[in-house]
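Try each task before you read its solution.

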Amino acid sequence: MTKEKLDKINKIVWFIPFKCLRDSIRKKLINKENKKWINECIEKYNALNEYCRFPIEAKNNWYIFGENTSNIGFDAHYLYHPAWAARCLKEINPEKHIDISSITHFCTIASAFIPIDYYEYRPPKIYNLENFGTYSCDIKQLPFEDNSIESISCMHAIEHIGLGRYGDEIDPDGDLKGINELKRVTKNGGNILFAVPVGEPKVQYNAHRIYSYDMIIEYFEGCKLINYSLIPDNSLEDNVGIINNATKELTDKQKYACGCFWFQKI
């Protein structure tokens, strides 16, 4: 749907007093307009389908709307933070990497180059990938000896611990216990890749917590910050993306950004 048509629909429903009713009518009007567009596409396809290699049958159709845009949309947090971590991991170049509950796409892809063991409270059923294994764990009680891990990551995960969202135990300090476990199992000189929402500190129950820059630095006492990169609130604007070597001052201005911290245990 073009921006002009969407603006026209928004003007039509603007006078309706109740937001829930306004949204419902807006959705119906958008769907009506989208179905009209789909039918026009099908008519054009059939007119041009001279050899009928793939005839269109209604029973097979999937109606997908909203993707005829000038650019592909994406979630900035979940595109940039794994890309950041992969670059850090390339520089660290460990013999083996341990991941705790980060996004599976990062772990499965990176395992093509570095062996990775992936630990999760709800381990996914991923099979037949060389150099990749999945295991069950509770981050508050990691199954490793003290000072035993060379390279470990926990990204966009710790903010959920203790909120019960994933069936875990309610624990207001669950995130702190998880961070302490990451520090405990990492050997001196070992590396921790860590990412969380940053900005004005708050809990948005039961989704996640948002941390300040100072909170994370305090929680990782005994570790040296090697790199800090920020995926800011306006990361999807032109020429912004991820900001390497970001500052605390910029972080403090954010509402729901993503802070990417590379720590080395000392």
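Predicted model: local features only at pLDDT ≥ 70, side-chain atom pairs only at ≥ 80, totals over all residues.

## Exercise 1: A patch on the surface

Find which residues make the nonpolar surface patch of about 290 Å², and place F54 in the chain.

*Solution.* The patch is built from Y45, F54 and I56. Of these, F54 sits in the loop that runs between helix 2 (19–48) and helix 3 (76–92). With a relative accessible area of 54%, F54 counts as exposed, because the cut-off for that label is over 50%.

## Exercise 2: Ring pairs

Count the aromatic pairs, then classify Y119 with F144 and Y213 with F261.

*Solution.* The count is 11 aromatic pairs. To sort a pair, you need the distance between the ring centres and the angle between the planes.

- For Y119 and F144, the centres are 5.0 Å apart and the planes stand at 80 degrees, so call this pair edge-to-face. Y119 is in strand 2 (residues 116–120), while F144 is in the loop between strand 3 (132–136) and strand 4 (149–155), so the pair ties together parts 25 residues apart in sequence. Both Y119 and F144 are buried.
- For Y213 and F261, the centres are 6.0 Å apart and the planes are at 35 degrees, so this pair is tilted. It links distant parts of the chain, 48 residues apart: Y213 is in helix 6 (residues 213–219) and F261 in strand 10 (residues 257–265). Y213 and F261 are buried as well.

Y213 and F261 also belong to one aromatic cluster, together with F194, F220, Y228 and F263.

## Exercise 3: The core

Say which residues of the largest nonpolar core touch the most other members, and which strand gives the most to this core.

*Solution.* The core has 32 residues, and those touching the most other members are I100, I158, F194, I216, F220 and F261. Elements supplying at least two residues each include strand 1 (97–100), helix 5 (174–185) and strand 8 (223–231). Strand 5 gives the most, with four residues.

Methods. Residues numbered from 1 in each chain as written. Heavy atoms only, no water. Patch = residues over 30% accessible without salt bridge, like charges linked within 9 Å, V, L, I, M, F, W, Y side chains within 5 Å. Areas by Shrake-Rupley, 256 points an atom, 1.4 Å probe, with all protein chains shown as cover. Salt bridge = Lys/Arg side-chain N within 4 Å of Asp/Glu carboxyl O. Buried < 20%, exposed > 50% of the residue type's maximum accessible area, 1.4 Å probe, protein only. Phe/Tyr/Trp six-rings, centres within 6.5 Å; stacked < 30°, edge-to-face > 60°. Core = buried A, V, L, I, M, F, W, Y, C linked by side-chain atoms within 4.5 Å.
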